[in-house]
Amino acid sequence: MKASPTKSLWTTACFLLAGCSAELIPPHRGRITPLSLGPEIQLGDSEANPSTPFLRFAVDGKLYAIWTEDESGQKNNPSSLSAHQHSGKMAPSPLRNALLAASSDGGKTWSASKQVNSGAEAVQGEENGPKVAFDASNRPYVVWSIPGEKGDKTRANIRFAMADGNGGFTPARTLNEVKDAARFPIIEFSPDGNLLIAWIDRRIDNPKPRQLYLMRIGLDGKALTKNYAVGEGLCECCKLGIAFADGGKTVYMVDRQVNDKQVRNHVLRKSTDGAATFEAPVEISDDGWQVPSCPHSGPSLARDRRGQLHVTWFTLGRSEKDAGIYYGVSKDDGKSFAARQLVHANTAPEILYSTLAVGEDDTVYLAWSNLDGTGKAQIFMRSLAPDGRTWTPIQQLSNAKGNAGRPVLALRKNQLHVAWTETDGEDSRVVLRSGTVDQ
Amino acid sequence: MKTLIVQTIRIRWNTISRLALPIGFAIFFALEPATGWPQHDHPAGQSFPPVAGNPAISFDLQALDGKPAGLTNFRGKPLVMNFFASWCDPCRDEMPLINELASRAAKDGYNVLGIAVEDGRAAVTEFAKEAKLVFPIALDLNSTVKRAYRVFGPPATFFIDAQGVIRDIVLGPMTQERAREGLKKAGVAR
């Protein structure tokens, strides 16, 4: 049977128009206006090389920042000063303190910082800096890691302290039951009413890579569980991400895996029994980055009100042309992930760091580091509208003289805050920018 | 019937033409992440990609003791240049072997230089003391050398011959076999 030319033309036209209608008239109401953030504010004692910030809102709406600084006792150590190139500046020291401060006015002004660690310790930074969580009465609980007995940063210990009720902090104690085997801690106030702490553990050193360990702590600081393993095959130097649902009954975690061929893709782990056990990990994206060295850049996870899980990460992929910051979303409660979206391609050979947060309207905010046109690492940001497709333009937030890295985000209602570390030679500083977003 | 079809098509095209501008924007922003930020050249001063057969990229750094630790300070002898960090697991794992190479360097006629990346003076000093390192360590505090040599993550080791040409590269932890091979390629007769 021969189709008439008129009928064929009509059929083709219908297909074309139907295609046009489907592809070109999406019902999105996405935002494309750039984010508006205020000027830079520095946190900490500029003479003490502040670095590695972490931001979190307490329940009462106060914004808290925790970071590390050089131990002040090193200030006048002549032997250390002789090695330092900046006259009058605090000498570099492996001893670093964890400092906590609060802001009641959206990050404009800050309280005097309080030292969290009771004794002089080499509080670690990089991907491994201190973290704080708050219970329903705004009480802070802090974790950090310190090098092991022989000074080995990779065989470290997880330390814990909480507000003592008298304006200070309880003496720090070590959480990992096997010494010199834990780092990259995170702490969360679980919706079920106690604290969940997770870290990367190497108590079983061979043959497998690292394990994912957890423990529960009550609001009185007492351990509710022993250390327990919930996963293995973790990359040894990449931060963890976590999110909750169902009043704390459901817990999601993300980490970078390493397989026996040294391929380092990311996975999502889901627990439906309050983090007692986890289902088999689900691969977020088959990036195929085969790397025998340290990526030292972990994923970030957030869950929106619709139950969608949002993840960002860095990968070099299967070739350098694939390198960059990526974003992925799961719309089926972590069973699978949509094809990754490139957020920002690498502009030069460099490990990049990314983080994300989700607003009350399900807009996703991402911040990351990348190199600018002059070869310096800077902080960039953009947001993704709830339609999952409409991105704001990429904005450069920092103007670091040296390099900027490891951004962190805090988002509550319409308040958005971004902090990061800037380094220039031997100096470092913590920078914060704040703004409001439409919610 | 024909009139109806024509009207439908006209309405469709009118709709499309009204939406042309927003559609254009949508396409632009949808494609923008994929095309990414403008690609930039590698750091200034880099003449050749850091691959075997190319001249090693020149740099000027300072060692922990304050002495100059630039590439030219090591010219005339083969050089084993190891990028590491005190916080890096595989770096710590391979460090006894790098230190062993360094302990034989004077006798076998080559140099070893450690370049600490994304690390601070204090931490590196502690690490050098703890690991009893016997070779000079330079601090790449602003990551310029790491970027020039395209080191995505430590450890990475470059074997450079006496004429300053890169002869072998080991990305990831060093092994005895790869060390032997690298030294041989760099012209170290053992």
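How many salt bridges does the structure hold over all chains? The count is 40. This is a predicted model, and every value below is computed from it.

**Salt bridges**

Side chains of opposite charge can pair when their charged atoms come close.

| Pair | Closest N to O distance |
|---|---|
| B:K146 and B:E118 | 2.8 Å |
| B:R178 and B:E181 | 3.3 Å |

Take chain B first. B:K146 bonds with B:E118 in a salt bridge. This pair links distant parts of the chain, 28 residues apart. B:K146 sits in helix 5 (residues 144-148) of chain B. B:E118 lies in the loop between strand 2 (111-117) and helix 4 (121-130) of chain B.

Is B:K146 buried or exposed? B:K146 has a relative accessible area of 2%. Buried means under 20%, so B:K146 counts as buried.

B:K146 and B:E118 also belong to a network of salt bridges.

Now look at B:R178 and B:E181, which form a salt bridge with each other. Both are in helix 6 (residues 176-185) of chain B. They are three residues apart, so about one helical turn separates them. B:R178 is partly exposed, at 22% relative accessibility. B:E181 is partly exposed too, with a relative accessible area of 33%.

**A sheet in chain A**

Strands of a sheet pair through backbone hydrogen bonds, either parallel or antiparallel. In what order do the four strands of the open sheet in chain A stand? The order is 18-19-20-21, and the pairing is antiparallel.

Which strands stand at the edges? They are strand 18 (300-303) and strand 21 (341-345) of chain A. Each has a single partner strand, so one side of each is left without a neighbour in the sheet. From one strand to the next, the twist averages 20°.

Strand 20 (residues 324-330) of chain A is joined to strand 21 of chain A by four bridges. These two strands run antiparallel.

Terms used
Residues are numbered from 1 along each chain as its sequence is written. Chains are lettered from A and ligands numbered from 1 in the order in which they are written. This is a predicted model: local features need pLDDT of at least 70, side-chain atom pairs count only at pLDDT 80 or more; totals for chains, interfaces and linings use all residues. Side-chain values use heavy atoms; hydrogens and water are left out. A salt bridge is a side-chain nitrogen of Lys or Arg within 4 Å of a carboxyl oxygen of Asp or Glu. Buried means under 20% relative accessible area, exposed over 50%, partly exposed in between (1.4 Å probe, protein chains only). Two strands pair if DSSP finds at least two bridges between them. Axes are lines fitted to C-alpha atoms, for helices over the stretch in contact, and angles run from 0 to 180 degrees between N-to-C directions.
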